[in-house]
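Open the structure in your viewer and keep the selection tool at hand. We will go stop by stop.

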Amino acid sequence: FVAAEMCRGLGAAHSWHDDERHAPVVHRGVKPSNVLLSRAGEIKIADFGFAAVAEQALRTRGGIPLEATPYLSPEQAAGDQLDVRSDVFSAGAVLYELVTGEPLFRGTTVDQIWRAIIAQPIPAATASNSHLPPEIDDVLYRALARDRRQRYADGACYQRGSCRGN
């Protein structure tokens, strides 16, 4: 439920356009502490301010808090142009941690974590938690694909589990 609602919120941001900005909003900083639970039981995505600040910081690989690093996408680690599929990767890393109780990418320095994000094999979540349905691994492998063209197209697709034409 938490992951589905997180992705629904990302999907809303990914499909948002205004008259001046003709591009979807890319959060650029999805991590567990930005997924909030209201007293009414609603899931909210917070800290979209990181979306604006992160672009400059990521160009130099400086100014990124260690706690945010394990949830960033391979394209962020490489300093490439970002799109909404970067948030899908981050949501996948959050979901992995949510269902296994362990962060997917670890290290004691930012560079160690970047290397893990770029090259570490993605383990099956079901290997860490045998109570999970096997389908969770398929969802995670797609969300965490290193090649963004193989990921869900946006948060809404991820939330539904599929996209037409993808």
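Start with L144. Leaving aside its neighbours within four places in sequence, L144 is in contact with F89, G92, A93, L104 and I122. Keep in mind that this is a predicted model. L144 lies in the loop between α7 and α8 (155-160). Is L144 buried or exposed? Its relative accessible area is 1%, and buried means under 20%, so L144 is buried. L144 and R85 are 59 residues apart in sequence, yet their C-alpha atoms are 9.7 Å apart in space.

**Zoom out**

Show the whole chain as a cartoon. How many helices and strands are in the protein? There are eight helices and two strands. Follow them from the N terminus: the order is α-β-β-α-α-α-α-α-α-α. The protein has 166 residues, and buried residues make up 44% of them.

**Helix α1**

Select residues 2-14, which form helix α1. At 1.5 Å a residue, its 13 residues should span 18 Å. Check the end C-alpha atoms: they are 18 Å apart, which agrees. Which residues of α1 are buried? Colour A3, E5, M6, C7, L10, G11, A13 and H14. As you look along the helix, recall a rule. An α-helix has 3.6 residues a turn, so residues three or four places apart point the same way.

Stop at A3, in helix α1. A3 has a relative accessible area of 15%; that is under 20%, so A3 is buried. What does A3 touch, not counting residues up to four places away in sequence? The answer is L95 and L98. A3 and A91 are 88 residues apart in sequence, but 7.7 Å apart from C-alpha to C-alpha.

**Helices α4 and α7**

Select residues 84-100 for helix α4 and residues 135-143 for helix α7. Their axes are 8 Å apart, and the two helices pack at an angle of about 145 degrees. α4 passes α7 in a left-handed crossing. Show the side chains where they meet. From α4 come V88, F89, G92, L95, Y96 and V99; from α7 come I136, V139, L140 and A143. By class, this contact has nine nonpolar residues, one polar residue and no charged residues.

Pick out A143, which is in helix α7. A143 has 0% relative accessibility, so this residue counts as buried.

**Last stop: T126**

Select residues 125-128, helix α6, and find T126 there. T126 and Y96 are 30 residues apart along the chain, and 10.0 Å separates their C-alpha atoms.

Terms used. Residues numbered from 1 in each chain as written. Predicted model: local features only at pLDDT ≥ 70, side-chain atom pairs only at ≥ 80, totals over all residues. Heavy atoms only, no water. Axes fitted to C-alpha atoms, helices over the stretch in contact; angles between N-to-C directions. Helix = DSSP H or I, 4+ residues; strand = E, 2+ residues; numbered from the N terminus. Left-handed = near helix turned anticlockwise from the far one by under 90°. Contact = heavy atoms within 4.5 Å. Nonpolar A, V, L, I, M, F, W, Y, C, P; charged D, E, K, R; others polar. Expected span 1.5 Å × (residues − 1). Buried < 20%, exposed > 50% of the residue type's maximum accessible area, 1.4 Å probe, protein only.
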